[in-house]
Amino acid sequence: MTRPTDPIQSSQSIQSSQSTGPAEVVPLRVAVPIATTQGTLALALQPRTDVPPAPPLGAGHLRRDLDQWAARYAQAAVEIVGGDRPVSQLARWTSREVYLDLERRALLVARAGQHQPGLARVQPVRPRVHSVHACVIDDGAAAETSIHVRYGERSRALAARFERRTGPESTRWVCTALEFA
């Protein structure tokens with residue numbers, strides 16, 4: 001038997017060898033029903049129609065405000081230690097022990113750099129608060145924070161404890177512990 005070399009002749013010879021009945025279409029894939037939950041992660045593909053529960057009032061607001069306040073406080077504290085601010089700027093929001101420690105640190109840095117503390121000297125690299133993470137404890141009466149401060153390419157960590165003090169005029173956070181690492 002010889003093979004035809006022309007493609008048109010070869011397709012005609014295949015068609016003539018097959019039956020002349022109606023052609024049957026074979027699907028490439030078999031239809032599979034879609035389940036409401038698929039895969040090993042058990043993802044629910046149906047839309048949710050119920051309203052999500054509301055968070056407790058004030059919890060997110062308190063934490064967000066505390067993060068912002070702690071970032072501003074930490075920025076001022078590292079500027080005091082660096083000699084850019086006078087320590088008296090944080091007197092109202094600082095316990096006596098923390099105030100004395102900030103004053104001592106600012107004096108040590110000033111002696112090492114041969115300048116006066118708190119006179120807004122120009123630093124080659126200014127400290128910048130990179131991130132703040134707060135944990136509110138004692139039903140909002142106190143908070144502990146970890147603060148990441150960048151000095152150019154270098155990093156330092158601060159840990160601070162803030163306690164809520166209620167006075168006749170207002171309620172404010174007071175730093176009762178501050179550690180540099």
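Close look: loop, core and salt bridges

Tutor: Arg 92 sits in the loop between H2 and H3 (helices are DSSP runs of H or I with at least four residues, strands are E runs of at least two, and both are numbered from the N terminus). The model is predicted, so local features need pLDDT of at least 70 and side-chain atom pairs count only at pLDDT 80 or more, while totals for chains, interfaces and linings use all residues. Residues are numbered from 1 along each chain as its sequence is written, and side-chain values use heavy atoms, with hydrogens and water left out.

Arg 92 is partly exposed, at 44% relative accessibility (buried is under 20% relative accessible area, exposed over 50%, partly exposed in between, with a 1.4 Å probe and protein chains only). Beyond residues up to four places away in sequence, Arg 92 touches Ser 170, Arg 172 and Val 174 (contact means heavy atoms within 4.5 Å). Trp 173 lies 81 residues from Arg 92 along the chain, yet their C-alpha atoms are 9.6 Å apart.

Now the core. The largest nonpolar core has 28 residues, and those touching the most other members are Tyr 73, Leu 102, Ile 147, Leu 158, Phe 162 and Leu 178 (such a core is a set of buried Ala, Val, Leu, Ile, Met, Phe, Trp, Tyr and Cys residues joined through side-chain atoms within 4.5 Å). Two or more residues each come from helices H2 (59-82) and H3 (96-113) and from strands S3 (127-137), S4 (142-151), S5 (154-166) and S6 (171-180). H2 gives the most, with ten residues. In soluble globular proteins, nonpolar side chains tend to be buried together.

Next, the charges. The structure holds seven salt bridges (a side-chain nitrogen of Lys or Arg within 4 Å of a carboxyl oxygen of Asp or Glu). One of them joins Arg 85 and Glu 79 at 2.5 Å, N to O. Arg 85 is partly exposed at 28%, whereas Glu 79 is buried at 12%.

Glu 163 has two partners here. Arg 161 meets Glu 163 at 3.2 Å, N to O, and Arg 165 meets Glu 163 at 3.5 Å, N to O. Arg 161 (21%), Glu 163 (24%) and Arg 165 (37%) are partly exposed. Shared partners link Glu 144, Arg 161, Glu 163 and Arg 165 into one salt-bridge network.
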